Amino acid sequence: MAKTSRYRCSLLSLLFVEMASAAEMPLNMTQGVTDISQRVYDLHMTIFYICCAIGLVVFGAMFWAILHHRKAKGVQPAQFHESTRVEILWTAIPVFILIIMAIPATKTLIAMEDTTDAEVTVLVTGSQWKWHYKYLDYPVEFYSLLATPQKQISNKIAKGENYLLEVDRPLVIPTGKKVRFLTTSDDVIHSWWVPAFAVKKDANPGFINESWAKVNEPGIYRGQCAELCGKDHGFMPVVVVAKEPAEFDAWIKEQADIQAKAKAAEQELLAMNMSMDEAMALGEKTYLGYCAACHQAGGGGLPGAFPALKGSKMATTAEGKAAHIDIVLNGKAGTAMQAFGKQLTLQEIAAVITYERNAWDNNTGDLIQAAEIHAAKTGKKE
Amino acid sequence: MSTVTHDHDTAHHGEHHHHAPSGLKRWLYTTNHKDIGTLYLLFALTMFFIGGAMAMVIRAELFQPGLQLVQADFFNQMTTVHGLIMVFGAVMPAFTGLANWLIPMMIGAPDMALPRMNNWSFWILPFAFAILLASLFMEGGGPGFGWTFYAPLSTKYSGDSTALFVFSVHIMGISSIMGAINVIVTIFNLRAPGMTWMKMPLFVWTWLITAFLLIAVMPVLAGTVTMVLTDKYFGTSFFDAAGGGDPVLFQHIFWFFGHPEVYIMILPAFGIVSSIVPTFARKPLFGYASMVYATSSIALLSFLVWAHHMFTTGMPVFAELFFMYCTMLIAVPTGVKVFNWVATMWKGAMTFEVPMMFALAFIVLFTIGGFSGLMLAITPADFQYHDTYFVVAHFHYVLVTGAIFSIIAAAYYWLPKWTGHMYDETLGQWHFWCSLISVNMLFFPMHFVGLAGMPRRIPDYALQFADFNAFISIGGFAFGLSQLLFVWVLVKCIKGGEKATDQVWEGAEGLEWTLSSPPPYHSFTTPPEVK
C-alpha cells in the first residue's frame, strides 16, 4: 500500500511538481539586451497577436457553425455556394493586414543588416565542434570549447547549472559599442547564435558573413550552434561575456600580454624536454579536449566514420611516426581531420602524439618533444 | 515438381478472371489502378510505422537530458532517416495511392492511362527504401546529415552510406515522376464526356497541379543529389569554395526543390478536405472556382519563396525582402481556402463521422501551422526562430496534423467504398480523439521550447528544457500508440463489417459514389455521361 502511494506520489510529482519547476524556462522569445533584439521581440508579439485575432474570428465562425448548423438540430442545409463579392473581400483584407505587418518588418530588417561603423570586430570561426574568436583590432585570439565534463553528459555525475551551455573561454565584448561579428567556418556549415542579441548567422566555409550587436547591459549571454554540423552539433555552445568598456579594455590588454608571453615562452620551451609522465598527462588532457570527440576516449574511433588510433599502423610503428606528426599538424584533406598546427601549442602537439603512441597498449615508448614538432612544422614551410 | 506447380497455377487461372494471376504474382504483375493504389497505401502505412519507430527513438532519447539510449551520431541518423521516410515513404506514396484509387473513379475512367508504368513506379519504391534502410547497418552507420543533406556535411564530411542515400533518392524521384506523368495523362485523356475542367472534383484538380509541381522539381532534386555524389566521389567542387564552388548554392538548389515539395505534400490534402466537408455539411463546396485559382496561385508562388529557408545564410537585404514579401503573399490564397471551407460549413446540416472529425481537426491545426508559417516569414523574427523547435513545431503541424490527418480522413471516407464494408465508428472515434489529444501534447509545447531557445537536431539539451521535453515525449509515445488503433480499424473493416451502400454517405456526390461498393475491377468500362 505504502509502495503504491509512493509510486502515485512520484507520478504526481512528474506531472505537477516538475511542471512547476518548468517556470525556469521562459515561455516566450527573449527580449534580449540590445535595441534590435527588443524590436525583434516587439515584431514577434505584433504578428502573434494578429494571428490570434484572425484565429479567433475564423475558428469562432467555424465552431459557431459546428454548434448551430448541425443535422442533430434538425436544420435544413442552405444551398448557396458562391459569392464573388465575399471572395474579393476575403482576398483584399488579408492583403491589407499583410502590408501592415510588412512595414515594421522591413524597417527592422534594414536596421539589422546595417553593419557599418563598427567599433570592435571579431572574426568568429566555427569548426567541428568548437568556436574560434579572433579580435581584428587586438592581437588576441583563442578557441572556445564546451566545458561540461563528459561524465555529466553520460549521466555518471550530477549535471551542473549551465549544463551544455558553458565554455572554457567565453568571447568577451564591450557594452555600449557596436561590435561586428564576421562569421566563417573551417569545415562544415555552423550557425553562431546568441538569442539575447537576436544574432544568428551561418558560418559558411570559404565565405564571410557579417552581423552586429550593441549590447546595453553587462552580463553573460549563452547560445548554441544552430545548424546541424555533424556528430557533436549539440555540444558546441556560444558564451559571450559583455563587460563595461573600461573593464573590457583592461581584459583585452591582459590577454594580449598573456598571448605574447606564451609565444615567447614557446620558443624557450623548444630547448626544454618533457618527462614521459609530463608528456602523458598533458597529452591525455589535450587528447580528451580535441581528439576524443572523433577518435573516442579509448582510441577505438567509430568504424566507418573516424579511424581507430589504438593499434593503428601509424601510431604503433616507427615508420608511421613522421606521418603521424604530419597528419596532426596539417590535417588530412577531404576528411574531418583538421590541421591542429594552428590550434595547439608545439608542446601540446608533442604531448598528444606521445600520448597517442603510448596509451591503450600502443606502447611504442616514443617520447616526442616540442623541438621535433617545431622542426617538422618549419621544415615543411621552408 | 515444376510440372505440379504449373498445373496448380493453370487450375487457379481457370477460377480467376482472365486478367489476374493468383497470390503474390497478382500483386507483382498487376496493372490495375485499384491494386496498385492498395499497394501504395499499404506501403505508405508500413513506412509510417517504420519512420514512426525512429521518431520514438528520438523522443525516448530526448525524454531526459544526458545521453541515455543512443549516441549522438546514431541520433542524427534517426532524425535524418525519419524525415526521409516520412516525406518520401509515407506522405508522398499515400497521396499517390489515393490518386490511383480515386482519380479514375472520379473522372469516369476504366483505369489509369499508363497501367504498366504504374506498376513499375510502385515496384521500384520498396527497393529504394530497402537501400536506404540497409545503409543504417553499414560500417559507420547511415546518413546523419539531416533530410536536407546540406553540403559540405553530406559531401566531404559524410560516410560512404551517402552513395546508397543518393541512389535511393534517385529511385524515389523516378517513381514520383512516373506517378505524376500517369496522373496528368489520365486526367487529360480519360475524362468522361461532359466532365469539363471546371467540373472536375477538387481532389482531381489539386492532384493535377501537384503532378505538374512534381515534374518540375523532382529532376532538380535528382540534380542536387547527383552533384553531392560527384563532389564526394568524382572530384567536382559544386559546393566547395576551395574549388570555386559555394556551399550555399547547395541550399538554393535544394530548396528550389524543397519548397514546392512542401506544397506537393499539402495540395492533395486540400483536395481531400474539399471533398469531405461538403459531404458532411450536406451543402455544396463554397467557392469552387476560387478554390481552383487559389490552388494554382499557391503552386506558382511556391517557386518564388525557396530562400525563406535560408534567411540566416547571409543574403543581401534586397533578396531577404523579396522572399519575405512573396512568402507572406502565400497566406492570401491559403486563407481563401480556409475561409471557403468555413463558409461551406456555414448554414449546412453537419454530422460528425470520423472523416469529418479528421477534416475539421485538419482545418484548425493546419491553420495553426499556417500562422506559425506566417510568423516564420517575417525575416527579423525568423533569425530567432530559425533552426529551433519552433520550426519543428511548425512543419509538424502542417505535415502531421495537415497532410497525415487528411490522409487518415481520406482513408475513413473512402474505406467503405473500397472494401464494401463500413468501418467501426466507435473505434474510429477513439482513434480520432486519442490522436487529437496526443498530437497536440506532442507538437504544441515545441513552440515554447523553440521560443525559449532550444535548437533542433540536438540529442541532448540544457536543463531548463527538461520538463517540457519529458511532456512532449509522453505525447509522442501516446500518438504512436494511438495509430495502432487505426490498424485495428483497417483490419476489421477489410475483414468484414456492415455492408456499405453505393453512396455510403448521405451527402456524398461524385462519380465514385455511383459505382458499387466495392467497385468493379475496371471502374467505368463504358464512360458515364456528366451533365
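**Figure 1. Helix α5 and the three-stranded sheet of chain A in the predicted model**. Helix α5 (residues 245-269) of chain A lies across strands β4 and β10 of chain A. The helix runs at about 135° to β4(A). The sheet itself is open, has three strands in the order β4-β10-β9 (chain A), and shows mixed pairing. Its edge strands are β4 (171-174) and β9 (219-224) of chain A, each of which pairs on one side only. On average, neighbouring strands of this sheet are turned by 25° against each other, direction ignored.

**Figure 2. Pairing of β9(A) with β10(A)**. Strand β10 (residues 237-243) of chain A is joined to β9(A) by six bridges, and the two strands run antiparallel. One residue pair may be located in this view: A:Gly219 has A:Ala242 in β10(A) as its bridge partner.

**Figure 3. Two hairpins of chain A that share strand β2**. Strand β1 (residues 120-127) of chain A pairs with strand β2 (residues 130-135) of chain A in the antiparallel sense, over six bridges. Two residues lie between β1(A) and β2(A) in this hairpin. Within it, A:Thr125 has A:His132 in β2(A) as its bridge partner. β2(A) also pairs in the antiparallel sense with strand β3 (residues 140-144) of chain A, over five bridges. In the hairpin formed by β2(A) and β3(A), four residues lie between the strands. Here A:Trp131 stands opposite A:Ser144 in β3(A).

**Figure 4. Crossing of helices α10 and α13 in chain B**. Two packed helices are described by the angle between their axes and the distance between the axes. The axes of helix α10 (residues 267-281) of chain B and helix α13 (residues 354-377) of chain B come within 9 Å and cross at roughly 120°. α10(B) is therefore oblique to α13(B). The crossing in which α10(B) passes α13(B) is left-handed. From α10(B), the contact is made by B:Val273, B:Ile276, B:Val277 and B:Phe280. From α13(B), B:Pro355, B:Met356, B:Ala359, B:Phe362 and B:Ile363 take part. By class, the residues of this contact are nine nonpolar, no polar and no charged.

**Figure 5. The contact between chain A and chain B**. Chain A gives 85 residues to the contact and chain B gives 84 residues. On the side of chain A that touches chain B, the elements that give two or more residues are α1 (2-21), α2 (35-68), α3 (84-112) and β7 (199-203) of chain A. α3(A) supplies the largest share of this side, 14 residues. The side of chain A that touches chain B comprises 47 nonpolar, 23 polar and 15 charged residues.

Technical notes:
Residues are numbered from 1 along each chain as its sequence is written. Chains are lettered from A and ligands numbered from 1 in the order in which they are written. This is a predicted model: local features need pLDDT of at least 70, side-chain atom pairs count only at pLDDT 80 or more; totals for chains, interfaces and linings use all residues. Axes are lines fitted to C-alpha atoms, for helices over the stretch in contact, and angles run from 0 to 180 degrees between N-to-C directions. Angles under 35 degrees count as roughly parallel, over 145 as roughly antiparallel, 65 to 115 as roughly perpendicular and the rest as oblique. A crossing is left-handed if the near helix is turned anticlockwise from the far one by less than a right angle, and right-handed if clockwise. Two residues are in contact if their C-beta atoms, placed from the backbone, lie within 7 Å. Ala, Val, Leu, Ile, Met, Phe, Trp, Tyr, Cys and Pro count as nonpolar, Asp, Glu, Lys and Arg as charged, and the others, Gly among them, as polar. Two strands pair if DSSP finds at least two bridges between them.
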